[in-house]
Amino acid sequence: MSRPHQALLGAALLLLTAGPALAQSAGPAPDPQRAMLWFVLSTLVLVSMVFLVLFVALVSWMRPYLRQLYNQPAVHDSWSGRVLGLLVGDTRLVNGEVRDDLLDHNYDGIHEFDNDLPPWWKYGFYLTVVFAIGYVTYYHVLKTGQLQGAEYAAEMQQAAIVVASIPDDPNQLTTYTALSAPAELSSGKSLFATNCAPCHGANAEGKVGPNLTDEYWLHGGEVNHVYKTIKYGVNGKGMVAWKGKLSSKQILQVTSYVLSLQGSKPANAKPPQGEKEASAKTVAKQ
């Protein structure tokens, strides 16, 4: 078996083994979106490697003809000729012309050559200039992004929400408020689809478990009551405890997503169960 084929086979085996392993390390609850992302990325990498191997093989086969073309005077010194030179081993396009002409000054016996800066260095410098302009515009002119201090403060505020200040007592309610950021609700939706939908339905319309979209609740519809029900479960009622399976933040994300479904009126909704309460969505946002 040739070396390109061996490299391609090795890369494929690495992707097939590393992808599932990394996906499993994401947490106790598999994320379908993350699994799909891994599949797409692995496929793109594999296809790219196949094209790369084919391209290298094609260049190797055509190298004698490319060298003949490269040695043509009209082609050799043109910009396209320098690109062609990379395929036949001439790196002038990257490293520049090396003339080694000495300048006329002398510093304690040290001479200086009059060579151009390497193109890779100049292109890298131009790229840093473009990046700096974009960075200053984004963070300091338009003030769209958060600087380090503001980002740190936001993360600390978020952490303070999910870290309980009271002992882990199932009889004592937490003092959380529902999350409203789209990213948090999206994470809650994903966790709900993976862990809760089999009993409560894909749209929380209720199956074995109760309908979670109406105003009736078996164990309280306020955000901290819903959080408590998810975390500790309900003995003898089929509601399992998700403590230890989901983190505090994940439980709060699921809680917030459930409350966001209030009044959504999904198809085939299960009849109300429990006691009617004021709109849980309104209570959660206070």
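Q: In this predicted model, what counts as a helix or a strand?
A: Helices and strands are DSSP runs, numbered from the N terminus. A strand (E) needs at least two residues. A helix is a run of H or I, and the length required is at least four residues.

Q: What are the helix content and the end-to-end C-alpha distance of residues 35–59?
A: The unreviewed UniProt entry lists residues 35–59 under "transmembrane region". In the model this span is 100% helix and 0% strand. Its end C-alpha atoms lie apart by 36 Å.

Q: How far apart are the end C-alpha atoms of residues 123–141?
A: Residues 123–141 are also listed by UniProt as "transmembrane region", in an unreviewed entry. The chain there is 100% helix and 0% strand. The distance between the end C-alpha atoms is 26 Å.

Q: Which element gives the largest share of the nonpolar patch?
A: The patch lies on the surface, includes Trp79, Leu86, Trp120 and Phe125 among its residues, and has about 1200 Å² of accessible area together. Two elements give two or more residues to this patch, namely helix 4 (79–87) and helix 6 (119–141). Seven residues, the largest share, come from helix 6.

Q: Is Phe125 buried, partly exposed or exposed?
A: Phe125 is found in helix 6 and belongs to the nonpolar patch. Its relative accessibility is 44%. Buried means under 20% and exposed means over 50%, so Phe125 counts as partly exposed.

Q: Is Thr213 buried or exposed?
A: Thr213 is found in the loop between helix 9 (197–200) and strand 3 (216–217). Not counting residues up to four places away in sequence, it touches several residues, including Asn203, Leu261 and Pro266. With a relative accessible area of 5%, Thr213 is buried.

Q: Which side chain is joined to that of Thr213 by a polar contact of 2.7 Å?
A: A polar contact is a pair of N or O atoms within 3.5 Å. The 2.7 Å contact of Thr213 joins two side chains. The partner is Asn211.

Q: Which residue forms a salt bridge with Glu215?
A: Side chains of opposite charge can pair when their charged atoms come close. A search of the whole structure finds one salt bridge. In the pair that includes Glu215, the closest N and O atoms are 3.6 Å apart, and the partner is Lys276.

Q: How many residues apart in sequence are the parts that Glu215 and Lys276 tie together?
A: Glu215 is partly exposed at 35% relative accessibility, whereas Lys276 is exposed at 56%. Glu215 lies in the loop between helix 9 and strand 3, and Lys276 lies in strand 4 (residues 275–276). The pair therefore ties together parts whose separation in sequence is 61 residues.

Methods. Residues numbered from 1 in each chain as written. Predicted model: local features only at pLDDT ≥ 70, side-chain atom pairs only at ≥ 80, totals over all residues. Heavy atoms only, no water. Patch = residues over 30% accessible without salt bridge, like charges linked within 9 Å, V, L, I, M, F, W, Y side chains within 5 Å. Areas by Shrake-Rupley, 256 points an atom, 1.4 Å probe, with all protein chains shown as cover. Salt bridge = Lys/Arg side-chain N within 4 Å of Asp/Glu carboxyl O. Buried < 20%, exposed > 50% of the residue type's maximum accessible area, 1.4 Å probe, protein only. Polar contact = N/O pair within 3.5 Å; in protein donor to acceptor, adjacent residues only side chain to side chain. Contact = heavy atoms within 4.5 Å. UniProt positions renumbered as here; feature names shortened; annotations may be inferred.
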